[in-house]
Each structure stands twice: as C-alpha cells, then as structure tokens.
Amino acid sequence: MQFPDLKYEYLEHTADAKFKAYGKTMEEAFENAAVAMFNVMINTSKVDCKHTENIKLTAPDIDDLLVDWLSELLFIFEVDFIAFGEFEVESITQEDGEYTISACASGEEIDLEKHEIDTEVKAVTYNDLKAEEIPEGFMVQVTVDT
C-alpha cells in the first residue's frame, strides 16, 4: 500500500462494490470513502462543484456514522438529483457516547449528457464494514449494494 498517497482502492466482491478508503485523519478517510462511492456511480472529475449541501449527522458509534454519512449522500443524489464531486468533513466528534459529523458536499444537478451513470448504488451496507485506526492514519472499508 502506498499510503498516504492512496486515497481509496476497490476490492474484489462478487455482486456489490467494496472499497477501502484511507486518510491521515478519520475525517479524511470519510471524505475519501464518499469519493470512492460516487466514483462507483459517476466520474466525479466531470462534476462542477457549484452547489453545496451542509450535512450534520449524529450516530451511536463510528460504524453507524459512516453508514449514515454515505447513505445521506446517496439519498441526496437519488432524491435531489445532485452529483457530488468534492467532500469536506469539517469534524467528527464524540460526545456523551455519540458521534457527530459536520461536513459539506459540493456538486451540481445531474445532467445525463455530462454525468454518465456507470453503476447504480442502491444502498450502503454493514457487510464487512470497518472504521479503524491504522499505523498510517485511518482506514474505512465499505460495501455498497449495486
């Protein structure tokens, strides 16, 4: 692994898409997980980041927070037709036994001539989910239902 240069990598999975995302901080690992998930669906380099969504979520543990974060982004993609290309996780904090993420995602309305939908992501799963500290920083592993 060429960490910290490696932001994410896709792993072999029979039916779904599975990836690991890395970061020097947990915040950066969450950002890279979002990029990895969106690159399953679209080419994020073709997204003009002119619309920003502020996102704040709270969950009982870091695994739930990761699933909630990616699920919220997927929900906005499906319901509001926003393709995201950039993600900034301002903070992940733990207080009173709960984790909170404060973040923003930037993108634009989906234009099917510009944003070819490659693979449809139906849901973020708990299958093989990991969020952990590693010697180089942090790693999250996610499987999405396609």
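Keep in mind as you look around that the model is predicted. Cys104 sits at 11% relative accessibility and therefore counts as buried.

For Cys49, the nearest cysteine sulfur belongs to Cys104 and is 10 Å away. Seen from the other end, Cys104 is also in no disulfide, with the sulfur of Cys49 as its nearest cysteine sulfur.

Now let's move to another residue, Asn32. You will find Asn32 in helix α1, which covers residues 26-41. Is Asn32 buried or exposed? Its relative accessibility is 7%, and because buried means under 20%, Asn32 counts as buried. Which residues does Asn32 touch, once its neighbours within four places in sequence are left aside? The contacts are with Lys7, Tyr8, Ala21 and Tyr22. Take Ala21 as an example: Ala21 and Asn32 are 11 residues apart in sequence, while their C-alpha atoms are 5.5 Å apart in space.

With that helix in view, step back to the fold. The secondary structure of the chain consists of 2 helices and 8 strands. Following the sequence, these elements come in the order β-β-α-β-α-β-β-β-β-β. The chain has a radius of gyration of 14 Å, close to the 15 Å that the globule rule gives for 146 residues, so it is as compact as a globular protein of that length. Taken along the principal axes, the C-alpha atoms fill a box of roughly 45 × 30 × 25 Å.

What about the inside of the chain? Of its 146 residues, 47% count as buried. Among contacts between residues at least 6 apart in sequence, 66% join residues at least 24 apart.

How many positive and negative side chains does the chain have? There are 10 positive and 34 negative ones, and the centres of the two sets lie 5 Å apart.

Terms used. Residues are numbered from 1 along each chain as its sequence is written. This is a predicted model: local features need pLDDT of at least 70, side-chain atom pairs count only at pLDDT 80 or more; totals for chains, interfaces and linings use all residues. Side-chain values use heavy atoms; hydrogens and water are left out. Helices (H or I, at least four residues) and strands (E, at least two) are DSSP runs, numbered from the N terminus. Buried means under 20% relative accessible area, exposed over 50%, partly exposed in between (1.4 Å probe, protein chains only). Contact means heavy atoms within 4.5 Å. The radius of gyration is taken over C-alpha atoms; the globule rule is 2.2 Å times the number of residues to the power 0.38. Lys and Arg count as positive and Asp and Glu as negative; His and the chain ends are not counted. The place of a charge is taken as NZ of Lys, CZ of Arg, CG of Asp or CD of Glu. A disulfide is a pair of cysteine sulfur atoms within 2.5 Å.
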